[in-house]
Structures are given as C-alpha cells and as structure tokens.
Amino acid sequence: GGRFGWRDALMRYVSNPEDYQTQIYWMDSDLMAIYDAYPKARVHLLLIPLKHKIMSLDNLTGDPSHVRLIEDMQRRGIWLIERLREHNPELKHGQVHMGFHAIPSLRLVHMHLISDDFDSPCLKNKKHWNSFTTDFFIKPSEVIEALKDTGRFHPDERHFTEILRMPLKCHRCGETQSLMPKLKAHIARCTGERGWATRQALKRRESSI
Ligand code: AMP
C-alpha cells in the first residue's frame with residue numbers, strides 16, 4: 001500500500017474519535033477500544049494507544065514510557081474483559097483473550113481482545129485461525145518481559161510465517177481438523193473435556209505424583 005493505504009485504517013479512529021462514536025466501545029485520554037470491523041468472534045475489540053503513535057511492536061524500546069504503555073494496555077485489557085463479561089452473559093462459559101499479532105497487517109500498535117467462541121462469518125481461513133490460537137498471538141506479558149530484559153521486541157518473521165501455516169487445531173481439545181468448515185463445526189460443540197489438553201494435564205498430574 002501507499003503512504004496512507006489500508007494499512008493505516010486505524011489512524012482515523014485515533015485522529016478523529018468524534019467521527020467514530022458508534023465504533024468505539026470505550027475510551028479515556030490514553031487508550032481507545034474499538035470494535036474490530038471484521039470480528040473473528042462474538043466479541044472482538046482492538047485496544048489502541050492515543051498518545052503514543054507507535055507504528056508496531058518493533059518500534060518499542062526499553063524506555064520506561066514504552067514499558068509503562070504495554071503495562072497500561074495489559075491492565076486496561078483485564079479491566080475491559082471484566083466489563084465485557086458483566087455485560088455479555090453469553091460469555092460466561094468462555095474466555096476473552098488479549099494479545100498482539102506477532103506480524104500485524106495494520107500499522108499503529110493495537111491489542112486484540114477476543115472471545116474464544118470464534119463464532120463469526122469473518123473467520124474464514126487458516127491464517128485467521130492460527131493468528132489467534134497459536135504462539136502468533138503474543139500476550140502483553142511477553143512484550144513487557146522482552147522490553148525489560150533486552151530493550152526490544154522483534155518477532156522473527158520467518159518463524160511466525162511458518163506458524164500461520166500449521167495444521168488447524170481445536171483450541172480446546174487440540175484435535176486437528178482438515179478444513180475450516182470442519183473446524184467450525186467442531187468448535188461449535190467441543191467442550192474441551194476430552195482430548196489433548198485434558199490428556200496433557202492428566203499426564204502432568206500423574207508424573208508429578
Ligand atoms: P492485525 O494487524 O493482524 O493485528 O489485525 C488487524 C485487525 O484490524 C483485524 O482483526 C481486522 O479485522 C481489523 N480491521 C481491519 N480494518 C479495520 C478497520 N477499518 N476498522 C477496524 N478494524 C479493522
């Protein structure tokens with residue numbers, strides 16, 4: 001894209017919040033939470049800093065103001081998740097996760113808040129699925145730790161591109177599904193009570209006896 005192409009779609013919200021009131025879930029003077037325009041689950045928000053115009057996680061340093069920014073986003077994310085759960089009783093049994101895409105497509109640092117029903121017609125392909133259910137989905141704590149330890153957070157592009165190509169795996173039971181429609185049918189009924197995750201937990205418990 002050009003200098004202000006589709007990759008800059010988030011800029012307009014930050015520059016002119018008053019024009020986007022119906023797209024904003026919550027904001028204060030530091031951060032803004034907007035509805036993802038192509039939600040990949042029943043609840044899908046993007047949390048964006050208003051004062052720091054940082055293009056991507058690569059541009060963060062160990063500067064205390066940068067560490068504090070990600071810590072603030074983490075804290076606010078936890079707060080927003082509690083608020084979302086209060087107002088959306090259907091989320092009671094599921095979880096809302098927060099994280100950054102290791103290789104984002106849009107500029108301006110933004111953190112996803114997404115419910116783990118992944119029930120949405122916009123969730124269409126393997127890349128979408130793996131971007132929320134694998135290590136590609138970077139927790140704020142990982143970013144904070146890296147900044148404090150090394151003063152940078154530079155995700156390895158080749159590694160994360162590979163991760164997006166991994167087989168489709170249910171995020172609850174770990175079972176592999178061949179195609180997106182099959183995965184969608186599976187996650188609509190999977191409770192995660194059987195299968196991989198549970199077996200791993202059992203194994204860990206047994207080996208610690
Ligand atoms: P990523 O850059 O991979 O973290 O993902 C960007 C997210 O922004 C995706 O979940 C898109 O659905 C979402 N998105 C794309 N364009 C817009 C837009 N104009 N307004 C709000 N969200 C958008």
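Select the ligand and Ala37 in this predicted model: a polar backbone atom of Ala37 lies 3.2 Å from a nitrogen atom of the ligand. Then move to His110, whose side chain places an N or O atom 2.6 Å from an oxygen atom of the ligand. With the protein hidden, the ligand taken alone exposes 500 Å², and the protein buries 87% of that.

Now widen the selection to the shell. There are 15 residues around the ligand, and those that come nearest are Tyr13, Asp36, His101, Ser105 and His110. Colour the shell by class to see 8 nonpolar, 5 polar and 2 charged residues. If you display pockets, the space taken by the ligand is the second largest pocket.

For one of them, select Arg107 and Asp8, whose side chains meet at 2.8 Å, N to O. Which parts does this pair tie together? Arg107 is in the loop between strand S4 (96-101) and strand S5 (111-115), while Asp8 is in the segment before helix H1 (11-15), so the pair links parts that are 99 residues apart in sequence. Side chains of opposite charge can pair when their charged atoms come close.

Conventions:
Residues are numbered from 1 along each chain as its sequence is written. This is a predicted model: local features need pLDDT of at least 70, side-chain atom pairs count only at pLDDT 80 or more; totals for chains, interfaces and linings use all residues. Side-chain values use heavy atoms; hydrogens and water are left out. A residue is near a molecule or strand if one of its heavy atoms lies within 4 Å of it. A polar contact is a pair of N or O atoms within 3.5 Å; within protein, one must be able to donate a hydrogen and the other to accept it, and residues adjacent in sequence count only if both atoms are side-chain atoms. Accessible areas come from the Shrake-Rupley method with a 1.4 Å probe; for residues, only the protein chains shown count as cover. On a 1 Å grid over the protein atoms alone, a cavity is a set of points where a 1.4 Å probe fits but cannot get out, and a pocket is an open set with protein on both sides within 12 Å along at least five of seven lines; lining residues have an atom within 4 Å of a point. A molecule sits in a cavity or pocket if more than half of its atoms lie within 2 Å of its grid points. Ala, Val, Leu, Ile, Met, Phe, Trp, Tyr, Cys and Pro count as nonpolar, Asp, Glu, Lys and Arg as charged, and the others, Gly among them, as polar. A salt bridge is a side-chain nitrogen of Lys or Arg within 4 Å of a carboxyl oxygen of Asp or Glu. Helices (H or I, at least four residues) and strands (E, at least two) are DSSP runs, numbered from the N terminus.
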